[in-house]
Amino acid sequence: MEILAITDDQYHVKELASKIMQIQNYVDYIHIREKSKTARELLTLLELLQESGVPKRKIVVHDRLDVALVTGIENIHLPGHGLTINRVREKFPFMRIGCSVHSYEEARKSEQDGVDYVMYGHVFETNCKAGLAPRGLEELHKIKERLSIPVFAIGGITPDRMNEIKVDGIAVMSGIFSAENPAEAARDYSEKCKEMTTHGKIL
């Protein structure tokens, strides 16, 4: 099971870069989802990460295809309201493309359009989606069963709840970036993944 840490748009560039550097060894991907930042700020952030040795292969840029291309990042995540998968795949066949989905139908269509992975949520109650009922695990596991591409779960996932999730990976935002110690939180998720693998719960 892979871990994708999603930034929460709460920190200035240098502070965020510092937090990412602290967690990079415990997660598989770092998803840069900073909607309030300008393109120049995002470029500065990515330059800081690359200068600090964070591998490009671990970085996923949310929505901002222009920023990804300029910095040589080949992982792009498309929101539902963003660029179409078909258009991005046609123009940039070398990119690893992910997208957010909220139903099996959306996930199936995304796979047909050529996406490399889907992220489904929110599966549990979370402060990031306050007032919105969680979508639960049934649809998530249906998507995993019927799609051939990797499936990530997002929303309210804690290390204690990871045993309930039978997919390829989890995406975590507040569980890591809102934690008092992000590195310690990321390590807890990583250790839980190792524990599940050791006990044969991840095949």
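Predicted model: local features only at pLDDT ≥ 70, side-chain atom pairs only at ≥ 80, totals over all residues.
**Exercise 1.** Determine which class, buried or partly exposed, applies to Asp-113 and to Lys-109, and state where the two residues lie.

*Solution.* Step 1: both residues belong to helix 5, four residues apart, which is about one turn of the helix. Step 3: buried means under 20% relative accessible area. Asp-113 has 19% and is therefore buried, whereas Lys-109 has 44% and is partly exposed.

**Exercise 2.** Carry out the corresponding analysis for Glu-195 and Lys-192.

*Solution.* Step 1: Glu-195 and Lys-192 are three residues apart in helix 8 (residues 182-198). Step 2: a salt bridge joins their side chains at 3.2 Å, N to O. Step 3: Lys-192, at 11% relative accessibility, is buried, while Glu-195, at 38%, is partly exposed.

**Exercise 3.** Explain why Asp-8 is not assigned a salt bridge with Lys-37.

*Solution.* Step 1: Asp-8 is located in the loop between strand 1 (2-6) and helix 1 (13-23). Step 2: Asp-8 is buried, and its nearest side chain of opposite charge, that of Lys-37, is 7.6 Å away. Step 4: Lys-37 is instead linked with Asp-9 and Glu-34 in a network of salt bridges.

**Exercise 4.** Describe the second largest pocket by its volume and its lining.

*Solution.* Step 1: the pocket holds about 200 Å³ of space. Step 2: of its 13 lining residues, those closest to the centre are Pro-79, Gly-80, Ile-85, Cys-99 and Ser-110. Step 3: the lining comprises six nonpolar, five polar and two charged residues.

Definitions and conventions:
Residues numbered from 1 in each chain as written. Heavy atoms only, no water. 1 Å grid on protein atoms, 1.4 Å probe; cavity = no way out; pocket = protein on both sides within 12 Å on 5 of 7 lines; lining within 4 Å. Points joined across faces, edges and corners; volume = space filled by probe spheres on them. Nonpolar A, V, L, I, M, F, W, Y, C, P; charged D, E, K, R; others polar. Buried < 20%, exposed > 50% of the residue type's maximum accessible area, 1.4 Å probe, protein only. Lys, Arg positive; Asp, Glu negative; His and termini not counted. Salt bridge = Lys/Arg side-chain N within 4 Å of Asp/Glu carboxyl O.
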